Amino acid sequence: MTLKYSVKRLYRALLTLAEKRNIAVFEIKFSYFTRGKDKITGLYCCSENLILIEQNVSLSKKVFILAHELGHYVLHRAILNTTYWAVAYYSDINFRDERESEADRFAQKLLAFLTRIYEI
Ligand SMILES: [Zn+2]
């Protein structure tokens, strides 16, 4: 089994997880909206239950971005739409770094789990 095939399979598995939770996933060109100033490559929009992924990155990067955004869905969606989140996330770098690290760790564990169960 080639690595490329494995990554495709992993991406499909993540899309299925999102679909089962009614999360819409779209690939977009973030640089079109941010004019290249920001390095945003993924976003979970809680109010719309929507995940946006940068289209101009490799498939293995998309896999990690999608797993990371699913992490925000699982771990943070209860507080994402609160003023607390909005203030803390944009004013407290430690708060932001901790939440981002949590989503990264979730992504690593989810990908390790999927890799094992699908024997990818
Ligand atoms: Zn994040």
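**Reading the terms against the numbers**

Student: Why is V63 called buried?

Tutor: In this predicted model, V63 has 23 other C-beta atoms within 10 Å. The cut-off for a buried residue is 20 or more such atoms, so with 23 of them V63 counts as buried.

Student: Where is the place of V63, and with which residues is V63 in contact once its neighbours within four places in sequence are left aside?

Tutor: V63 belongs to helix 3. Setting those sequence neighbours aside, its contacts are V7, L10, Y11 and L14. Helix 1 spans 3-20, and V63 can also be placed relative to L50, which is 13 residues away in sequence and 16 Å away in space, taken from C-alpha to C-alpha.

Student: Why is N49 called partly exposed?

Tutor: N49 has 14 other C-beta atoms within 10 Å. An exposed residue would need 12 or fewer and a buried one 20 or more, so N49, with 14, falls in between and is partly exposed.

Student: What is there to say about phi of N49?

Tutor: Phi of N49 is near 50°, which is positive although the residue is not a glycine. Most residues other than glycine have a negative phi. N49 sits in the loop between strand 2 and strand 3, that is, in a hairpin with 4 residues between the strands.

Student: Which value does phi of N22 take, and why does N22 count as exposed?

Tutor: Phi of N22 is near 55°, again a positive value in a residue other than glycine. N22 is found in the loop between helix 1 and strand 1. Its C-beta neighbours inside 10 Å number 8, and as the limit for an exposed residue is 12 or fewer, N22 counts as exposed.

Student: What makes the pairing in the sheet mixed?

Tutor: The sheet is open and has 3 strands in the order 1-3-2, with mixed pairing. Strand 1 (24-28) and strand 2 (42-45) are the edges, each having a single partner strand, so that one side of each has no neighbour in the sheet. From one strand to the next, the twist averages 15°. As for the two senses of pairing, strand 1 and strand 3 run parallel and are joined by 5 bridges, whereas strand 2 and strand 3 (residues 50-54) are antiparallel and share 4 bridges. Two strands pair if at least two bridges are found between them, so the 5 bridges of strand 1 with strand 3 meet that condition, and so do the 4 bridges of strand 2 with strand 3.

Student: Which residues stand opposite I51 in strand 3?

Tutor: V25 stands opposite I51, and Y44 also stands opposite I51. Helix 3 (residues 59-80) packs on this sheet, where it touches strand 1, strand 2 and strand 3, and its direction makes about 30° with that of strand 2.

Student: What describes the packing of helix 3 and helix 5?

Tutor: Helix 3 and helix 5 (residues 93-118) pack at an angle of about 115°, and their axes are 7 Å apart. Their crossing is right-handed. Among the residues making the contact are F64, A67 and L70 of helix 3, along with F106, A107 and L110 of helix 5. The contact residues divide into 10 nonpolar, 4 polar and 3 charged.

Definitions and conventions
Residues are numbered from 1 along each chain as its sequence is written. This is a predicted model: local features need pLDDT of at least 70, side-chain atom pairs count only at pLDDT 80 or more; totals for chains, interfaces and linings use all residues. Axes are lines fitted to C-alpha atoms, for helices over the stretch in contact, and angles run from 0 to 180 degrees between N-to-C directions. Two residues are in contact if their C-beta atoms, placed from the backbone, lie within 7 Å. A crossing is left-handed if the near helix is turned anticlockwise from the far one by less than a right angle, and right-handed if clockwise. Ala, Val, Leu, Ile, Met, Phe, Trp, Tyr, Cys and Pro count as nonpolar, Asp, Glu, Lys and Arg as charged, and the others, Gly among them, as polar.
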